[in-house]
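Have it open as you read, and take the points in any order.

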Number of protein chains: 2
Amino acid sequence: MSYQDLLQRLGAINDVLTSSSVLVWDSRTMMPPRGVAVRGQQIATLSTVAAEMLMADETSRLLDAADRATAHLPDDAAERRGIAQTRAGIALHRRIPSALRHRQAELRATAQAAWIEARAKSDFAGFQPYLEESVALARQLADAIGWSAAPYDALIGLPEPGETTASLRALFTRIREGIAPLLRAVSAAKAPRTDFLQADYPVALQHDFALHLARTIGYDLDRGRLDPTVHPFEISFTRDDVRITTRYPRNFLPASLFGTLHETGHALYEQGVDPAYSRGPLATDFGNLYAVGGVSFGAHESQSRLWENHVGRSRDFWALHYGALRDRFPEQLAGVDDETFHRAVNSVRPGLIRVEADELTYDFHIMLRVEIESQLLDGTLKVKDLPTAWNEAIKRDLGLDVPDDRRGVLQDIHWSTGYIGTFCTYTIGNVMAAQLMASARQQLVGLDRSLTDGDYAPLLGWLRDNVHQHGRRFSRNELLVRASGRSLDPEPYIDYLTAKYTALYGVVPT
Amino acid sequence: MSYQDLLQRLGAINDVLTSSSVLVWDSRTMMPPRGVAVRGQQIATLSTVAAEMLMADETSRLLDAADRATAHLPDDAAERRGIAQTRAGIALHRRIPSALRHRQAELRATAQAAWIEARAKSDFAGFQPYLEESVALARQLADAIGWSAAPYDALIGLPEPGETTASLRALFTRIREGIAPLLRAVSAAKAPRTDFLQADYPVALQHDFALHLARTIGYDLDRGRLDPTVHPFEISFTRDDVRITTRYPRNFLPASLFGTLHETGHALYEQGVDPAYSRGPLATDFGNLYAVGGVSFGAHESQSRLWENHVGRSRDFWALHYGALRDRFPEQLAGVDDETFHRAVNSVRPGLIRVEADELTYDFHIMLRVEIESQLLDGTLKVKDLPTAWNEAIKRDLGLDVPDDRRGVLQDIHWSTGYIGTFCTYTIGNVMAAQLMASARQQLVGLDRSLTDGDYAPLLGWLRDNVHQHGRRFSRNELLVRASGRSLDPEPYIDYLTAKYTALYGVVPT
């Protein structure tokens with residue numbers, strides 16, 4: 001009975017957080033321009049209210065009672081984990097001084113405006129003082145949270161609990177040695193044709209096909225919707241209302257195709273969380289005060305990458321669905337067959353921009369950012385020296401010269417929002433997606449056959465059973481051990497990239 | 001300084017209430033079907049949080065300090081009125097037992113489902129027990145709030161402070177004697193042609209024209225948006241984000257035309273509230289815990305009726321805008337000129353359904369409901385005798401036989417939601433609209449000329465100055481006295497209807 005009392009209290013806190021998520025969704029899809037004036041205040045108030053409710057004596061009292069009432073249960077029972085997650089969230093809040101939170105929120109608004117202007121002018125100096133304060137505040141945050149080996153560890157632990165600077169370094173070293181020779185070989189091979197991807201693709205038809213794709217892989221539109229936006233995202237107001245967004249550049253078809261598959265992958269995670277966890281601590285991260293069902297950002301990203309890349313960029317996928325695409329765009333795709341299309345959407349070309357990167361070069365963009373973030377945090381790199389460090393790393397890893405800061409160090413929004421420590425979760429998502437896919441192949445007889453037939457239910461069912469349903473109950477590595485017998489392991493990812501690109505490009509790693 | 005501290009606290013309460021309004025808007029325009037499962041809980045939580053914040057000792061402490069700091073100001077200074085409004089809201093909350101609120105909210109969910117089913121089957125008996133409990137709870141609410149002459153007074157006072165059963169009876173008697181002879185004369189005259197209003201009007205074109213109308217009369221789309229919905233409404237999240245909705249039945253053009261003008265009228269009120277009142281007690285009714293800028297429901301309705309009827313159904317309006325309408329629907333309106341169109345959208349025909357009623361019969365629908373509500377509240381009418389009472393009144397006032405309860409006593413959603421006491425505000429809106437319009441005509445030289453020219457800025461400016469900007473600062477009658485020299489007065493309304501319909505139908509009242 002007592003755990004139910006706790007859930008009722010946490011349910012109300014969850015309602016406040018998910019209400020805030022509705023306001024965020026609205027502000028990025030529906031809100032009229034001048035609504036922005038008060039929207040920030042409304043969201044800030046809900047965040048304060050939720051934090052106060054979480055830290056109130058009443059919550060602690062209910063936690064203690066629930067703790068006593070469930071003490072006989074095993075450590076990994078949902079109730080025990082729900083209590084532990086809530087306690088961890090409260091402890092995190094207690095460690096962070098409210099003045100620091102407040103200053104970070106204030107800086108975010110001005111820093112983002114400064115970043116937009118600096119990027120437009122390709123003028124790093126205009127952004128430098130804001131980034132310097134952001135880094136200083138991030139360091140204060142790390143110190144408040146606490147760390148032992150490296151201050152950066154504290155920041156990584158927020159989106160990706162359990163990961164550290166050292167563990168990332170080991171992971172990245174292995175990925176680098178695993179894929180650098182492959183990238184060299186592919187870069188030397190003949191590039192496939194891609195010109196038709198830049199034809200004129202009317203937005204309404206792109207939207208129609210995006211919706212078709214989302215539905216095809218299992219997105220439940222009775223519990224979701226797809227809208228256009230500038231920077232695509234997925235957002236959840238409990239498993240019964242999980243929304244995705246995408247963008248439709250007229251002259252670049254892959255953005256909406258793979259963007260939609262990516263966000264749908266996130267949405268399938270949220271739609272699959274155990275209904276019993278709804279509105280509770282196993283569906284919401286009270287530490288980050290963010291309504292999200294995934295156990296870590298990396299675990300969430302694994303689901304988006306799995307559907308985007310392992311399913312959506314596969315030869316089988318386009319063998320099946322290319323006809324429906326060409327029916328909608330007969331002129332734009334005239335003379336292009338499914339194999340040509342498949343090669344085009346998997347073409348590899350080292351580039352300057354992370355969000356435009358292919359699967360084989362993407363992680364180099366991440367590794368460079370993580371390296372820089374860790375050095376900024378421990379003080380071995382000064383903000384003023386950042387452009388030089390950036391440009392040198394791009395030259396070293398991708399062999400490119402950075403012509404200006406706009407296409408270099410100023411390209412990402414992340415640092416202007418004060419978020420330092422989240423880039424690593426993209427590569428962790430890639431690694432985890434391959435690991436899960438390899439396990440599903442081993443465990444599910446006939447999985448490849450079902451994918452060839454366009455039946456995505458067996459794969460979705462396996463992910464529901466092994467990942468989605470658990471919400472935040474198990475840690476990311478617990479989840480991986482249960483699903484694959486191992487904690488995070490880069491080998492299936494390296495194997496996947498190697499098999500894929502040697503076949504596509506007819507090369508051997510050099 | 002102290003009043004500012006109070007405003008900061010009230011601003012946060014306002015943020016919670018407007019967040020709830022965003023959730024309501026979303027649920028009626030955007031939410032996927034199964035989102036409904038948790039949306040009710042989210043809204044209920046925000047409502048509880050706002051009430052707790054309002055009733056907290058902290059709020060009372062800030063109120064007392066603000067009271068002392070502003071004691072030297074005149075009674076009608078914005079600060080004094082803001083404090084008084086907040087105190088009144090708190091006092092109202094204190095008087096209503098939370099068990100009663102809770103039971104009303106519970107009953108609302110089941111009663112509404114029962115009403116939907118009963119209406120579909122035209123079976124009053126299926127709804128009767130729910131209505132009996134609704135009436136009993138409404139009576140308990142009236143007793144909790146307090147009343148002297150009649151229990152119904154307490155309920156009327158919520159949406160329309162200052163109005164009573166007795167004052168409404170006097171108002172209605174005068175309206176009835178003023179317009180009944182007119183209705184008799186018009187009913188005996190030849191009916192205008194209206195067949196073309198029921199042609200096939202594609203929804204996208206209706207939406208396009210609705211947006212054009214809203215913009216034409218002054219709706220600021222940088223601070224608003226127009227979406228389709230089932231039951232149209234206007235909703236405000238502060239003056240900088242005021243949204244309207246409309247419906248587009250394919251086979252009945254007037255619904256979207258006049259529905260849009262109506263909701264735009266509401267929106268112009270909210271968009272015009274003094275920016276200094278934003279997020280404060282002069283922009284939000286803390287008593288009803290509802291984010292609304294108007295001083296009463298009737299005052300709000302006056303703005304929608306003014307733009308819908310006095311402007312939107314005028315001869316001048318269609319002389320100017322009919323061309324743009326016919327350009328969009330050349331086939332549907334072939335052979336119909338602007339005068340024929342104007343007559344059609346002003347045709348009078350006594351009918352059974354309130355929401356389909358014309359200007360001349362509408363108030364009879366209201367007067368009958370108010371009479372019934374007051375009798376239910378003081379016990380002189382029993383719920384089981386309601387259908388008979390209803391049908392007799394329709395026969396008496398409109399000369400019609402009610403064929404079934406679906407088109408009779410079961411037609412309105414109001415009673416199933418537990419709201420008793422709001423119907424009167426529709427007629428008060430009609431009366432107040434005519435009174436304000438008559439004053440504007442007297443005070444603004446050249447008003448009619450500007451309306452003939454399609455320049456709505458002078459009228460909107462006068463309403464901004466005399467009504468909108470004040471938000472909830474002045475009572476409805478204070479507002480009317482300031483604008484017109486008199487409190488609520490039915491004569492301009494009777495004059496308006498008489499002049500309009502004698503001209504349109506070429507009759508004299510009999």
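**How the two chains relate**

1. Chain B can be laid on chain A with an RMSD of 0.1 Å, using a turn of 180° and a shift of 0.1 Å along the axis. That is the relation of a two-fold axis. In chain B, the C-alpha nearest that axis belongs to Ser19(B), at 3.5 Å from it. As background, two copies of a chain are related by a rotation about an axis and a shift along it. Do keep in mind that this is a predicted model.

**The strands, chain A**

2. Start with β3(A), residues 242-246: is it mostly covered or mostly open? Mostly covered, as five of its five residues are buried. Val242(A), Ile244(A) and Thr246(A) point one way, Arg243(A) and Thr245(A) point the other way, and all are buried. The general rule is that side chains in a regular strand alternate between the two faces of the sheet. For the cut-off, buried means under 20% relative accessible area.

3. Now for the neighbours of β3(A). Strand β1 of chain A, residues 226-228, pairs with β3(A) in the parallel sense over three bridges. Within that strand, Thr246(A) is the bridge partner of Pro228(A). Strand β2 of chain A, residues 234-236, runs antiparallel to β3(A), and three bridges join them. Here Ser236(A) has Val242(A) as its bridge partner in β3(A).

4. β2(A) and β3(A) form a hairpin with five residues between them, and Thr238(A) in the turn has a positive phi of about 95°. For context, most residues other than glycine have a negative phi.

**The strands, chain B**

5. In chain B, five of the five residues of β3(B), residues 242-246, are buried, so the strand is largely enclosed by the rest of the structure. Both of its faces are covered: Val242(B), Ile244(B) and Thr246(B) sit on one side, Arg243(B) and Thr245(B) on the other, and all are buried.

6. What does β3(B) pair with? β1(B), residues 226-228, runs parallel to β3(B), joined by three bridges, and Leu226(B) has Ile244(B) as its bridge partner there. β2(B), residues 234-236, runs antiparallel to β3(B), again with three bridges. The bridge partner of Ser236(B) in β3(B) is Val242(B). β2(B) and β3(B) form a hairpin with five residues between them, and the turn holds Thr238(B), with a positive phi of about 95°.

**Backbone and contacts to check**

7. Ser122(A) has a positive phi of about 50° although it is not a glycine. Ser122(A) lies in the loop between α5 (98-121) and α6 (124-145) of chain A and is partly exposed, with a relative accessible area of 23%. In chain B, phi of Ser122(B) is near 50°, also a positive value in a residue other than glycine. Ser122(B) is found in the loop between α5 (98-121) and α6 (124-145) of chain B, and at 22% relative accessibility it counts as partly exposed.

8. Is Thr59(B) buried or exposed? At 0% relative accessibility, Thr59(B) counts as buried. Its place is in helix α3 of chain B, residues 57-69. Thr59(B) and Arg9(B) are 50 residues apart in sequence, yet 7.1 Å apart in space, C-alpha to C-alpha.

**The second largest pocket**

9. The second largest pocket has a volume of about 600 Å³. The elements giving two or more residues to its lining are α4 (78-95) and α19 (476-484) of chain B. The largest share, seven residues, comes from α4(B).

10. How many residues line the second largest pocket? There are 30, and those nearest its centre are Gln85(B), Ala88(B), Gly157(B), Pro161(B) and Arg472(B). By class, the lining has 13 nonpolar, 11 polar and six charged residues.

11. Why does the second largest pocket lie between domain 1 (2-129) and domain 2 (165-505) of chain B? Both domains give residues to the lining, so the pocket lies between them.

Definitions and conventions:
Residues numbered from 1 in each chain as written. Chains lettered and ligands numbered in written order. Predicted model: local features only at pLDDT ≥ 70, side-chain atom pairs only at ≥ 80, totals over all residues. Heavy atoms only, no water. Buried < 20%, exposed > 50% of the residue type's maximum accessible area, 1.4 Å probe, protein only. Helix = DSSP H or I, 4+ residues; strand = E, 2+ residues; numbered from the N terminus. Pairing = 2+ DSSP bridges. 1 Å grid on protein atoms, 1.4 Å probe; cavity = no way out; pocket = protein on both sides within 12 Å on 5 of 7 lines; lining within 4 Å. Points joined across faces, edges and corners; volume = space filled by probe spheres on them. Nonpolar A, V, L, I, M, F, W, Y, C, P; charged D, E, K, R; others polar. Domains from an automatic or database assignment. Least-squares fit on C-alpha atoms with pLDDT ≥ 70 in both.
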